[in-house]
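Subject: Structure handover

Hello,

Here is the structure for you to look over. My notes follow below it.

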Amino acid sequence: MSALGRYLRKTDVIAGLAVTAAGIGLVILSAAIEINPLETTLSARVFPFLLALGLIICGLLTLRQGLRADAPALPAFNLWRIAAIALPLLAYYYWFEQIDFRLSTTVYVLLTMLLLGARRWQEWLLLPPAVAGSIYLIFVHGFGTLLPTWN
Amino acid sequence: MPAVLLWITGGVVLGMIVGATPGLTATAGVAIATPLTFSMDFQSAMALLLGIYCGGYFAGSIPAILINTPGAPGNAATAMAGYPLARRGQANLALGLAVISSVIGGWLSALCLLLAAPGLASIALKFTSAEYFALGLFGLTCVAAIAGGSLLKGITAALLGMVLGCVGIDPVSGTERLTFALPDLLGGVPLVPALIAFFAITELISKGVQNSADDIVATQDQVRLSALLPYYIRHKWLVLKSAAIGTGIGMLPGTGPTIAAWIAYGEALRSEKKAAKHEPDNPQSEHAESGSVPGVIAAETANNAVTGGALIPMLTLGIPGDTVTAVLIGALLIQGIEPGPFFIRTETALFTQLLLVLLIANALVLIFGLAARRALPLILTIPTRILVPVVAVLCASGVFAINNSSFDVVLIAALGLTGYLLLRFGYPMAPLVLGLVLGPIVETNFRNALAVSEMNPVVFFSRPISAGLIITAILVLLWSWRRQVQASSG
């Protein structure tokens, strides 16, 4: 493995690079903030700019830590597992307002339970509608708040 | 009197339900109940509202300890300290300590309200932008230095939180910042959804990603009430210090339980690490990463001590100390009572009634909280395959209920995934969240102080409270840096 490849497997190298990049991105975004000519104190772009400088410094220091020989290696990421949790969650949250809460929640709970290893058919059949129904009742009729519905 | 007791009981129960529901806070509970008080007399109205206030502030600690989901922003520090305890089989202990600490905090702050209201309010009035800036900076450095892990990553997390706090319309100039032209971000990154994202969503992704073999929660130890007493004897100064922090911060307008709980939590961890250094073999010396008994005590004492503290400026100056007291002023006006400098002098009987209600409400929190603490840890036995989707649905419903905004629901998914990545790379969540809370306070007061002093930065050092806080913050950072250098070289 090349030296560069070895460094890119260190937690602090990746974290340092990401934080430095975020800092540089924030410098660019800060420069784009409009200045109110009537302001009598520091302009609206100064504080984000200072934070960006702080992030760049912290990022570079983290990067330096990562270049040491004894720096910890990257944590293991089980991408399939993360996708199995995150994708249904993202889809459920993204279409939260468009679909009737009781339907979307039943489907989401069932899907996540299956992906997380639920094997008993009684659980598949009973729990998703029970969760959707009880949370709907508590929020809408108990707390008097709104949840998305089609009627 | 029985009717008033009934209203307090109803208020405490309602407050505990609202407070324990992620997304709904004591503020929401008091706001929902305020219109109901139109037809009530003063005692009943205050009984209901103060019951919700005390019950709500405590109950946020229940989901914080059991599922790492703070019921309210003020319970985020409790999640950091209490959730690892629950995972280690000490949920019963953590809940018991949370209940008792909350009540002690509530009672001590009520005592302060009784004894020192007018005098303390005049101290709060002396706080200018310079002191608020210094207080914010102090809170941030304490948590960044002590939250666990590397100091560098703690500071980075605090900076990232402050960047999130910059999003939206700049409160000083009215300029739009970092909104990416999204109208939903004009009001900034909303605090409660952000908290739910960084604690609950991050946690549920972590739980879901873990192999089922890792998902074994330790058998829960049952702790007798008498076994909790030694913790309070051992940490008596911490309790008093946290109550003072909570009451003091509660008195400052625009602050609230979140800042109080974090500062007290930071202080508890600092004392704990100092004690661990002197007594390395002491089994009670614990670390932030594995949960902390003093952390739970400090965070919950300070969180509930805000209740009495926030009433001080409300009753003596007519200025709310936190969001709930802002709503309570409306409730007092409904009753035809205008709080202000003459309230205690002219309405002594009403003031005494308020104090009594506060004391009784806290006593009821103690009774209900202790009664429920044995049953509540059953939540921990729910398998991951059921808990993960249920918590995800609760989070979405709670967040949607706040503003009826589907954008907030998508936002918690995005922030939650970011939080998960940050956590995997060793960035602590506490400074990130506190950066979001304190960032706007620090920035606004920094700029206001400079504007008032004609851009002279000496203003931060020429005022004793401000200078003291800034110097303490620098010392905390230096101490933490030295400790890390010693640890890495040793």
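Leaving out neighbours within four places in sequence, Leu49(B) is in contact with Gly11(B), Val30(B), Ala33(B), Thr34(B), Thr37(B), Leu328(B) and Ala331(B). Two residues are in contact if their C-beta atoms, placed from the backbone, lie within 7 Å.

This is a predicted model: local features need pLDDT of at least 70, side-chain atom pairs count only at pLDDT 80 or more, and totals for chains, interfaces and linings use all residues. Residues are numbered from 1 along each chain as its sequence is written, while chains are lettered from A and ligands numbered from 1 in the order in which they are written.

Leu49(B) and Tyr265(B) touch the most other members of the largest nonpolar core, which has 195 residues. Such a core is a set of buried Ala, Val, Leu, Ile, Met, Phe, Trp, Tyr and Cys residues joined through C-beta atoms within 7 Å. Helix H6 (residues 91-125) of chain B gives the most to this core, with 16 residues.

**Chain B overall**

Chain B has 21 helices and two strands. These are DSSP runs, numbered from the N terminus (helices: H or I, at least four residues; strands: E, at least two). Of its 490 residues, 59% count as buried. Buried means 20 or more other C-beta atoms within 10 Å of the residue's own; exposed means 12 or fewer; partly exposed lies in between. Among contacts in chain B with a separation of 6 or more, 78% join residues 24 or more positions apart.

**Where the chains meet**

The interface brings 51 residues of chain A into contact with 47 residues of chain B. On the chain A side, at least two residues each come from helices H2 (11-31), H3 (46-66), H4, H5 (101-115) and H6 (121-142). That side divides into 34 nonpolar, 13 polar and four charged residues. Here Ala, Val, Leu, Ile, Met, Phe, Trp, Tyr, Cys and Pro count as nonpolar, Asp, Glu, Lys and Arg as charged, and the others, Gly among them, as polar.

One helix pair: H4 (residues 79-94) of chain A packs with H9 (residues 191-209) of chain B at about 135 degrees, axes 9 Å apart. In H4(A), Arg81(A), Ile82(A), Ile85(A) and Ala86(A) meet Ile205(B), Gly208(B) and Val209(B) in H9(B). This contact divides into five nonpolar, one polar and one charged residue.

**One more residue in H4(A)**

Leu90(A) is found in helix H4 of chain A. Leu90(A) counts as partly exposed because it has 16 C-beta neighbours inside 10 Å.

Best wishes

Technical notes
Axes are lines fitted to C-alpha atoms, for helices over the stretch in contact, and angles run from 0 to 180 degrees between N-to-C directions.
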